Amino acid sequence: MTGTLLSISGLTKAYPGVVANDTVSFDIGEGEVHALLGENGAGKSTLVKMIYGLVKPDSGTMTWKGQPFTPPEPKAARAAGVAMVFQHFSLFDALNVAENVALGMEDPPQMGDLARRIREVSETYGLPLDPNRTVGDLSAGERQRVEIIRCLLQDPKLLIMDEPTSVLTPQEVEILFETLNKLKAEGTSILYISHKLEEIRTLCDHATILRLGKNVGECVPAETSARDMAELMVGDTLQTPTRTTEKKGEVVLDVSGLSLEPSNPFGTTLKNIHFTVRAGEILGLGGVAGNGQDELLAALSGETPTWPDAIKVKGNEVGNLGPNARRGLGILAAPEERLGHAAAPDMSLTENALLTGAIRENLTSNGFVNWSGTVEFAENIIKTFDVRTPGPHVAARALSGGNLQKFVVGREVLQRPEVLVVNQPTWGVDAAAAAAIRQALLDLAANGAAIIVISQDLDELMEISDRFGALNEGRLSDIRPAAGLSIDEIGLMMGGAHGMEVAHVGETEGASA
Amino acid sequence: MIALEKRPMPSRTLSMATPLIAVVITMIAGGLLFAALGKNPFEAIRTIFWDPIFGEFAFYYRPQLLVKGAPLVLIAIGLSLGFKAGIWNIGAEGQYIMGAICGAGVGLAFYPTESILIFPLMILAGALGGWAWAMIPALLKVKFGTNEILVSLMLVYVAEQLLASMSLGLLKNPDGHGFPGSRNLNDYPSATSWINEAAGLHWGMAFAFIAVIFSYVLLNRHILGFNIRLTGEAPRAARFSGVNPTRLILFCLGASGALAGLAGLFEISGPSGQVSIDFNVGYGFTAIIVAFLGRLHPVGILLAGLLMALTYIGGEIAQGNLGLPSSAIQVFQGMLLFFLLALDLLTNYRVKFTVKGTA
Amino acid sequence: MDLSAINPVLLIASLMVAATPLLLAAIGELVVEKAGVLNLGVEGMMIVGAISGFAISVETGSPILGLVAAMIGGAVLSLLFAFLTQFALANQVASGLALTLFGLGLSALMGQSYVGIKPPAMAKLDIPVISDIPVIGPILFSHDPVLYIGIALIAAVWAMLKFSRAGLILRAVGESHDAAHALGYNVIRVRILAIMFGGACAGLGGAYISLIRVPQWTEGMTAGIGWIALALVVFASWKPWRVLLGAYLFGGINVLQLNLQAAGIAIPVEYLAMSPYLITILVLVIMSADKSGAPASLGRTFHASQ
């Protein structure tokens, strides 16, 4: 480390009702991997958007190599040498890799030259990528490579990575870290945003911890225990969920030979999926996003009906039934996307309670809605699951992510499901709410429900699942008992490194230097 | 600098106030327009909005309000169901024509038999005609994913040609000395929709009121109405909830087609009287404005329909008294929709004025 | 009935004329839709273009000025739509409808004193020798300049979308406005420019009808061509050259049915007159299976929040 590349001092940004960043200060040295650590909603994204010129700070200053740095737009930030890999990718599905890369560059060369350079860089850094492929057809890991290569082609001084590993298998994470270490060796600084503590301990030289928009501490991750960092991040001691029962009952859900074409052109085809879930059991399904999770949930919830015998519940064929008929039989689901899928954003919580509760809670008679009963049901969810809101008349979009998630999961849990399928139950939810949701799922299983938890958070799955399987390109791996699975085994179940050779980076290191 | 900030919840007060503000702004802008046309703006506005209800000849114009308002309300109620669900039937004009042709056709087929059953049969035929015409875009959308906006609109032109063909051919008055147009249904007591022509009351008004009440109950009390709203707000959530999109499309387009067909039937067997080339005057399109102005809410639509009828009647008076061109009223109605859509922003967003550099 | 009265050379030449307004409006709308905006106001912008162009060329005596005025008229009207959808975040379907309803009224108002007037004629391309070549001459080389501009516009839009950076940005904005915004592109600006281009093209197409094809002014004279142009974009799967193909197809049908009417064929006039609309529906049905060219953000409202 030779000097300070970017110095941030007293940066503040307020949005209506929330101060996203409150006088945040830290320095990033040249060639340093700096971690920005914090829970969802701690203000990490806002902070990097200010560095990238997407958001203007209310007050505070930034200096870049000693000069004042106030990028009015991303173009200016890129010109200075800031590059960013987005958490929710900034990619265009219908365009090809080269076009996507060109869109992120200031002065892209001719398409032919660009394609050649993409190949060069992708080989140098061990990130194989075909410039002519359509991005919509790529896997999540490959899509991230497009973003990284887009950044690398601009010789960035500072590379910002926003939760890069959430879409990778453990093996792919390893490759990514090699790439990042190589960049670091070349003198590039990296601002690494994550809430995964072990990663930060492995990779980062320095860490800044944010909580509720405030800078609450700095540390050298390698010298700090994960537990200490976690407590700085959460500001509280964490409760781990408790499990009470080990007894498993009869097979409740039996999926066999489930194959399904996707409804949208860039969706994933489900290929011959088999599994069973017993009463009282939690089956955890891991896998990188976009490998068939949404499609599997849709097939189980009844949104996309399939062959009758592909899905059986207690021996009854239900594969061809719609969502309401399945609800009648006790099969409930909570999709990943809260706003727009699990809940209607502009409708009140009462109306959102009716959205799935009409059948099992007997909220209609002859088609006429019993609104007072619906309000009661909504209030019950709010009370039981500690949803922080003024009342059931509030629109769903007015709730924070964690509160809405509690509402969405609570809505299904309270309907006494026999089978419950949840996708990403704690995605974007703060630690306390996540713990509450996991506990609710465990309790539900203890009471004899069969539960499927689809998630990309492996720690979560290991914590609550009895058995574990992984989705990879629409196929389901063998299902294995969760206890005792090693991270390598899990990674291989998720599809390993998706055809990338780990050794590649090492081999070409000398050539490019 | 002006910044927009999304409200956590849509403002209910503004949702009700914005149509009124839009009307006021349109009056001002319309006044300017009339002034530009060399008319006294105050006189023009008074002629359009005041005279029909409180002027010297109000006794004549007031019933006209219902005569013009009824088809608008009837059609707009149907359209609002689809619009709420994000299903865009903009070919109500065509369904209106088809309802009129079918209804009148049934009536004329019985001529000169007198029976109490003829008019109910005509109502049925009118509703069926409009329904069937709307089923074309509906089925094409359901089966092939064809855009219902374009298909329903194309069918307006087709219906207009059919109307011309009918009034010159099949339904032409055999005793009409070769003039185009059918027999006048007003001269056929079993087939007229007038309850009391002198008072300006016809069955269309009764049906419009029933439609308003029915739609109110449907949207606020029934699960089908909830599903319609849900589909419009969040289509994916609707499918997750168990709404069958196919059935919903068929219902919404079918209902709006049937109501437009009814409006056509009541018009042709009442105020208009005969199948003729210039039978349709654009109610099917104006009803789109009515539906939006009424906020897609049944009661709102009732009020908006009456207001729009007022502009029609007032426009006619202004045309006669002040020489205001009839198209000026069309512009006026178009402006109203513009201002309404622009003001809609306020219900969902807060507008914040910030001075640059204070940060 | 006398089908021999139909001259195939004149038929082809006139189908090119009949196709041009459609082609102009459709290529403009294609650009708008590629930017992710669905403007249903094409009919309104066309008719306002038709009367603006007509009025200005009558007043100035110059058809060229008229055409320019038509483009300005269409573009100005489209700015209303741009304001509603891009700043006031209004629903695009409703705003487009409003534009059409408003445009139809406005044009009628503007055109009151122009009914029954003949506009100054637009000179036709008349290259000695080449224009006199039999068959090819009348078909290819003796039209008004706007017709060629229309074809050139198709080529230009195709090249822009395929090869230029501006085209890439336009497609990116239409594909995912959020991603384009995250990369620092000004989504609103790109869309407004596209909307204005669409307005200018529609205006020009309208004026082509009132100044060259017909040429006179009557209320509502666009008679649904704006709507057919919208269908044409779907038919073309958002590909420029297919717009040309589709426009000529529709132009051909229209000219053919007019010719058949004139020839006194046994089919009633009304049924011939409805044929272009029925064929539009048919084509929509056939083409709606293929939505691969449709921009992913089409019709969605963009607001850069936080």
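Visitor: Which residue follows α2(C), and near what angle is its phi?

Guide: A word on the ground rules: this is a predicted model, in which local features need pLDDT of at least 70 and side-chain atom pairs count only at pLDDT 80 or more, while totals for chains, interfaces and linings use all residues. Residues are numbered from 1 along each chain as its sequence is written, while chains are lettered from A and ligands numbered from 1 in the order in which they are written. Helices (H or I, at least four residues) and strands (E, at least two) are DSSP runs, numbered from the N terminus. The residue that follows α2(C) is Gly61(C), with a positive phi near 80°.

Visitor: How many residues of α2(C) are buried?

Guide: Here a residue is buried if 20 or more other C-beta atoms lie within 10 Å of its own, exposed if 12 or fewer, and partly exposed in between, with C-beta atoms placed from the backbone. By that count α2(C) is largely enclosed by the rest of the structure, because the buried residues among its 19 number 16.

Visitor: Which residues have the most contacts inside the largest nonpolar core?

Guide: A nonpolar core is a set of buried Ala, Val, Leu, Ile, Met, Phe, Trp, Tyr and Cys residues joined through C-beta atoms within 7 Å. The largest one has 389 residues, and helix α9 of chain C (residues 187–213) gives the largest share, 16 residues. The residues with the most contacts inside this core are Ile75(B) and Leu232(C).

Visitor: Which residues does Leu232(C) touch, leaving out those up to four places away in sequence?

Guide: Touching, or contact, means that the C-beta atoms of two residues, placed from the backbone, lie within 7 Å. With sequence neighbours up to four places away left out, the list for Leu232(C) is Leu22(C), Ala26(C), Val243(C), Gly246(C), Ala247(C) and Phe250(C).

Visitor: Which element gives the largest share of the side of chain C that touches chain B?

Guide: This contact takes 39 residues from chain C and 38 from chain B. On the side of chain C, the elements that give two or more residues are α3 (63–87), α4 (92–111), α10 (225–235) and α12 (269–287). By class that side has 30 nonpolar, eight polar and one charged residues, where Ala, Val, Leu, Ile, Met, Phe, Trp, Tyr, Cys and Pro count as nonpolar, Asp, Glu, Lys and Arg as charged, and the others, Gly among them, as polar. The largest share, 12 residues, comes from α4(C).

Visitor: And which element gives the largest share of the side of chain A that touches chain C?

Guide: Chain A gives 18 residues to this contact and chain C gives 12. On the side of chain A, two or more residues come from each of α2 (74–80) and α3 (97–103). The largest share, three residues, comes from α3(A).

Visitor: Which hand does the crossover from β7(A) to β8(A) have?

Guide: Two strands pair if DSSP finds at least two bridges between them; β7(A), residues 158–162, and β8(A), residues 189–194, run parallel and are joined by five. A crossover counts as right-handed if, with the strands pointing away from the viewer, the path from the first strand over the helix to the second runs clockwise. Here the chain crosses from β7(A) through helix α6(A), residues 170–185, to β8(A), and this β-α-β crossover is right-handed.

Visitor: Which residue of β8(A) stands opposite Leu36(A)?

Guide: β3(A), residues 33–38, runs parallel to β8(A), with five bridges between them. Both faces of β8(A) are covered, with Ser189(A), Leu191(A) and Ile193(A) buried on one side and Ile190(A), Tyr192(A) and Ser194(A) on the other. Opposite Leu36(A) stands Ile193(A).

Visitor: Which strands stand at the edges of the open sheet of four strands in chain A?

Guide: The order of this antiparallel sheet is β12-β11-β14-β15. Each edge strand has a single partner strand, so one side of each is left without a neighbour in the sheet. The edge strands are β12 (270–278) and β15 (316–317).
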